[in-house]
Amino acid sequence: MSNQSKNKTEVILKIDNLESYYGPIVAIRGVSLEVREGQIVTVLGANGAGKTTLLKTISGVMDPEKGTISFLGNQIQGQEPDRVVRSGIVHVPEGREIFPILSVAENIELGAYTKSDKASIAADLEMVYSYFPILKERRSQAAGTLSGGQQQMLAIGRGLMSRPKLMLLDEPSLGLSPLLTQEIFEIIRRLNQEQKVTMMLVEQNAKVALNAADYGYVMELGRIVMEDEAETLNNSKDVQEFYLGVNQEENQRGQKRWKQRKTWR
Ligand SMILES: Nc1ncnc2c1ncn2[C@@H]1O[C@H](COP(=O)(O)OP(=O)(O)OP(=O)(O)O)[C@@H](O)[C@H]1O
Ligand SMILES: [Mg+2]
């Protein structure tokens with residue numbers, strides 16, 4: 001699907017004015033965003049920006065203090081995680097959270113915990129193996145013995161077993177080589193197109209995320225500070241300087257731009 005036709009699809013996730021705390025510490029403050037059906041939407045930002053907190057609040061791991069999350073027209077904020085999964089959202093967490101002493105197959109099958117139809121679970125398992133043949137090869141092996149990249153594949157594969165409409169991916173490139181990152185992102189794109197999984201993708205690796213995404217948001221200190229078509233963000237000098245860590249021009253103009261950006265906080 002082209003970006004243009006994806007833009008016309010319906011909004012399936014709509015977040016308004018969301019606020020989440022860790023005790024007295026505010027981690028996201030007034031976040032509003034939209035995800036359209038069939039899109040890959042990325043949320044970029046530095047360490048501590050609030051990206052993981054945002055995903056945890058959507059998936060029900062955390063309850064928001066304020067704000068609403070509508071998914072397919074229903075408000076889901078504050079619901080238990082398993083109910084959110086049943087409604088069609090799956091969270092592939094930062095750090096993967098696999099069970100190291102269980103086998104690869106057992107880990108993947110855990111992702112089907114909301115399902116009971118054995119035949120369709122078996123078919124979904126084959127679908128997962130078709131995207132990640134290495135996991136089929138290693139299916140009897142303890143998951144803790146997989147490489148980092150294979151563990152990321154396992155986490156995504158486990159997530160697919162719930163047959164999600166929306167997948168929340170937290171830093172799939174974390175700790176992976178550039179080559180393996182490319183491979184994972186290629187599979188994310190294929191899942192988006194072939195399995196019709198809408199993706200909300202959190203990344204510090206802005207370049208790789210924007211190349212895969214249709215639309216992007218940039219977070220800073222718990223707020224959204226910028227949003228646009230991924231292609232536009234990819235070509236934006238500010239994004240290049242502040243979020244890709246590229247800063248070729250250490251000149252007067254660069255200084256001024258930086259000051260302007262600081263006032264967003
Ligand atoms: N369990 C926690 N208890 C207290 N504060 C927390 C906790 N987890 C996160 N925070 C704080 O909330 C803020 C947002 O953290 P979050 O993990 O959402 O950031 P992030 O954008 O995912 O960062 P990273 O890119 O490093 O994963 C940070 O200031 C962080 O210190
Ligand atoms: Mg994080």
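Ala, Val, Leu, Ile, Met, Phe, Trp, Tyr, Cys and Pro count as nonpolar here, Asp, Glu, Lys and Arg as charged, and the others, Gly among them, as polar. With that in hand, the shell around ligand 1 has four nonpolar, seven polar and two charged residues.

This is a predicted model, where local features need pLDDT of at least 70, side-chain atom pairs count only at pLDDT 80 or more, and totals for chains, interfaces and linings use all residues. Residues are numbered from 1 along each chain as its sequence is written, while chains are lettered from A and ligands numbered from 1 in the order in which they are written.

Back to the ligand: 13 residues surround ligand 1, including Tyr22 and Lys51 (C-beta, placed from the backbone, within 6 Å). Strand S2 and helix H2 each give two or more of them, and H2 has the largest share, three residues. Helices (H or I, at least four residues) and strands (E, at least two) are DSSP runs, numbered from the N terminus.

Now take a look at helix H8, which has 17 residues and reaches 24 Å from its first C-alpha to its last.

| Side of H8 | Residues |
|---|---|
| Buried (20 or more other C-beta atoms, placed from the backbone, within 10 Å) | Thr181, Ile184, Phe185, Ile188, Leu191, Asn192 |
| Exposed (12 or fewer) | Leu179, Glu186, Arg190, Gln193, Glu194 |

Just after H8, lysine 196 takes a positive phi of about 60°.

Notes:
The expected span of a helix is 1.5 Å times one less than its number of residues.
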